[in-house]
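Keep the viewer open as you read.

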Amino acid sequence: MSTSINRNDPALPMRSFSLNHFLRKAKGIQSDFDTTNSLQEEEALGRWIEFGVAGINAQSGYRASLDLEENKIGGVWLTEQAHALKQRYDFDSIMGSSDNLPYQVDVEIFPLYGKGFELRKSIHIDPVHIETDDGDILNANIQHIPHLVIGQASQLRSTIRLMLPALVTRPMNLSWKVPEIVRAELYDFCLYPAAIRAIHPVEAGHWLPSYKAEMKRARKPNGQLQKSGRIIPQDKLSQFSRYFIKKIHQHTWGDGAFFFHELRGVRGGTQHPKGKHQQKLKEFLSTFNFHGINKSKWWIDWGLEVHCPGFVMWWRKDAHHHIIKELLGISSETANSLINHQESYFYDEASQLAEVGGFHLKVPPRHRQRTGIAYIQAYNTEKEAAYQLSGSTNTFSAQYSNTLMTPGFKIEDYSQKIAEIWTQCSQKSDGNARLEIRVNLAKLAQRSHLQVEKEVMNLLFQFPRKTWWNFKLLRLMSMTQAIRWYRESKEDKANPLAIALVIVLTYMINALTARPKAFQAEKYMVQCALQDILQNEYEEDGDGIEHLISSSNPLGVFFPSSCIAAPSCTLVPRFGAGMELPSIVYHLLFDRTLLGIQLTVQMEGIQPTRALSKKVLHITNQVKRKERRLCRAIEEEENIQVLQIAAPFSESNPEQVSDNAPSDQDMLGREVTEVLARSYSDILLCSPNTKGQSGISYCKLNQKQREQAGPSIFREPNLAKVWSRCIVKDGRDDISAWAGAFESLFPSSFREKPGSGWQNYDNCPYFKRWQTLIGGLSEEDALKLQDLIRIKWNTLLWMPWPRSDRIWLVSNLKSKKITKRASCSVYPSGYEGVAPVILTNPNWQGPEVHFQEE
């Protein structure tokens, strides 16, 4: 097989295209299809796939890059369209807490409490401060507080929840559930008496006297519960809610209870022009009675939408900095720091175009308190074309296991559904650029407009409607055809380069309908697909370690380095040489090795089961078993229960798992517990030795003692029992140091190996297993898992003071790194040489660190 160019050549010359020109070129390649000659037709189709997927034109010998300069607002376009460009404000939702029901309309109460409307995701408002039984203050996000949906404001898209902070446990149960006995007591002793006291006696007959009776009445013959509500008239709400909350507070489970109100999705009825927001806000809030209500506990979503008939308006990536700077009233340097903070700022790339996309920003507390803004997001209404209210992702999503392995799955059926929607959209559906802030109601009066509206022309791209939707269609269908050819092929399907292409194409298809996933597996995919394409910029820190500070894509779009599809070059669509996915991707996505995937795709009818994974991984597990084995029994206090976290084992086929098999959460909890238990011994086993021929360890514990080490060692206050020499850094002088040290030992996201290499980390099996675990979780779940470990780790007295490239830092008191911001002591007293640096817990309540030689 031969070809005119090397499709895998990173030095392939680039040719710049506008979006419209790129579409015309793709159509020209497609017109080469010769339906009278099947071989020529397939060859032309293969070249069309290569161009649509990777921008490679094999016949002409170049790689396309996209230039969106003509899509920036300005020049002739602005002159012609300025009269049609419209901006409108609106209020989309309001939420807040109170001790009563502050409505000026009737309220419908659910006797058996509503199902399906519990808060499960963060809503980015201030946490609730809960006082525990031992007097500590626990900060709980609103979605983590157990609650019940008790009603809704009549005729409104509203939800009224009863929050029960007394049911919050420590460690926090992220899979909370209100016990049935609490539900019964709430009805029998609180809701029923309050309703009977407030409503007219004639209406009392519609309320059954007990929760048990109501449950029996509402149960249908098929076992389902009938959904029904009872009306509390507006003039009786105050009496009802005061007595209701009073009765709740008389129970231990009701201590501190309050109502949380949410009114959502009313954007269409609250639109208003600039300068009219106070008038519209008054109309919007007329449903509520805020007399005696603390407005600082209420938040409202205020949006600005930009529309131009016949166009899709999208935010420019280089405008995000300006939007954040103006809305928060901060300096350019501060805005840059927020954008670079991966736990606050999230970029939503549009159709994988490098310079087009929205974002959402969780505003840090210090700026939130000053401005009243809790959350900023910029997006486009084109997402409605693939938006679903149900499901974890709210979008159509192709599954990796389906596109690669599931027998009978047809990617064309999946894509056709989306293609039909987008084809219809190209005829009539424009896309509006939308900017939205979640602002404190008490601070809203200080704002008359969003500060960026005057400069909105400099912040947006404009794409002709047909151009935008046809570009998405071209990308979708070219990727679909490549996967279809792979699925239908009878040869070379086990080629790792072909398997890698299918997995990456699945990622790319999903990125057309939603923000690309950023789990660890997807990060590896991006690195593999864009190798030799991305232009990365690094800078060195004070330790001489390089850190990535920026990355740019000169192609302007996610075009993989290579895609070979033409039948004259390959038996099956695949990547070029050197683009195999690392083995960890298969473990993270499928809990199996590449060999297991190859066996599955070669053997028709074999389902991707756990049994196959176990057979394929048997030899690998024998090697790993030594690393996994603990030399001691796990202590009771080390056990970790994991709830409401999507375990990385959940890709398995549920039909192949026994009813008696442990749940994914049980397996994840067991794994995390083992990682924690192993960390103590691993950290001590890699502790440093003195230099010279003797190489004596600074640690006094022998090999067996270190292998059997548990948390008690790290609570030993007499460090002379553990160390022959050490430097102790007082954590009370630098409280943040303890949190930073923990983050180094148990990072919240997968950490790449520094260019200068690692010391100690590579020798710690616990660290490798931890990296694998969090790499298979979402960012939110990884943080939850890290918090479970943090709770255990915060019970220790001391730990190493690690750096990004080493667990154990060996230094002396002359080093400013050690003594900066914290006092230090050395053992033995007066010792001036080097020794490992130990950090103490700033919140330790037990005996102080001391040195008493035996």
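**Charged pairs, strands and a helix**

Glu262 and Arg161 form a salt bridge in which the closest N and O atoms are 2.8 Å apart. This pair links distant parts of the chain, with Glu262 in strand β11 and Arg161 in strand β9 (residues 158–163), 101 residues apart. Both Glu262 and Arg161 are buried. Please keep in mind that this is a predicted model, and that the distances and areas here are computed from it.

Glu262 has a second salt bridge to show you, this one with Arg264, where the closest N and O atoms are 2.4 Å apart. As background, side chains of opposite charge can pair when their charged atoms come close.

Stay in this part of the chain and look at His261, which lies in strand β11 (residues 258–263). With a relative accessible area of 1%, His261 is therefore classed as buried. What does its side chain make a polar contact with? The partner is the side chain of Ser98, at 2.7 Å. If you set aside the neighbours within four places in sequence, the residues in contact with His261 include Ile94, Met95, Gly96, Ser97 and Ser98. Thr159, Ile160 and Trp298 are also among the contacts of His261.

Now for charged pairs elsewhere. The salt bridges in the model number 28. One of them joins the side chains of Glu382 and Lys472, at 3.4 Å from N to O. Here too the pair links distant parts of the chain: Glu382 is in the loop between β16 (373–380) and α11 (400–404), while Lys472 belongs to helix α14 (residues 465–488), 90 residues apart. Both Glu382 and Lys472 are buried. Salt bridges also join up into a network that links Asp90, Glu305, Arg434 and Glu436.

Let's move on to strands. Strand β13 (residues 311–315) is mostly covered, with five of its five residues buried. Which way do the residues point? Phe311, Met313 and Trp315 point one way from β13, whereas Val312 and Trp314 point the other way, and all are buried. β13 pairs with strand β18 (residues 460–464) in the antiparallel sense, over five bridges. Within this pairing, Trp315 stands opposite Leu460 in β18.

Another sheet is an open one, formed by three strands in the order β1-β3-β2, with mixed pairing. β1 (14–17) and β2 (56–57) stand at the edges with a single partner strand each, so one side of each is left without a neighbour in the sheet. β1 and strand β3 (residues 62–66) pair in the parallel sense over four bridges. Look for Met14, whose bridge partner in β3 is Arg63.

Our last stop is helix α22 (residues 735–745), where Ala737, Trp738, Ala741, Phe742, Ser744 and Leu745 are buried. Why do they count as lying on the same side of α22? Because they cover an arc of only 155° around the axis.

Methods
Residues numbered from 1 in each chain as written. Predicted model: local features only at pLDDT ≥ 70, side-chain atom pairs only at ≥ 80, totals over all residues. Heavy atoms only, no water. Helix = DSSP H or I, 4+ residues; strand = E, 2+ residues; numbered from the N terminus. Buried < 20%, exposed > 50% of the residue type's maximum accessible area, 1.4 Å probe, protein only. Polar contact = N/O pair within 3.5 Å; in protein donor to acceptor, adjacent residues only side chain to side chain. Contact = heavy atoms within 4.5 Å. Pairing = 2+ DSSP bridges. Salt bridge = Lys/Arg side-chain N within 4 Å of Asp/Glu carboxyl O. Arc of directions from axis to C-beta.
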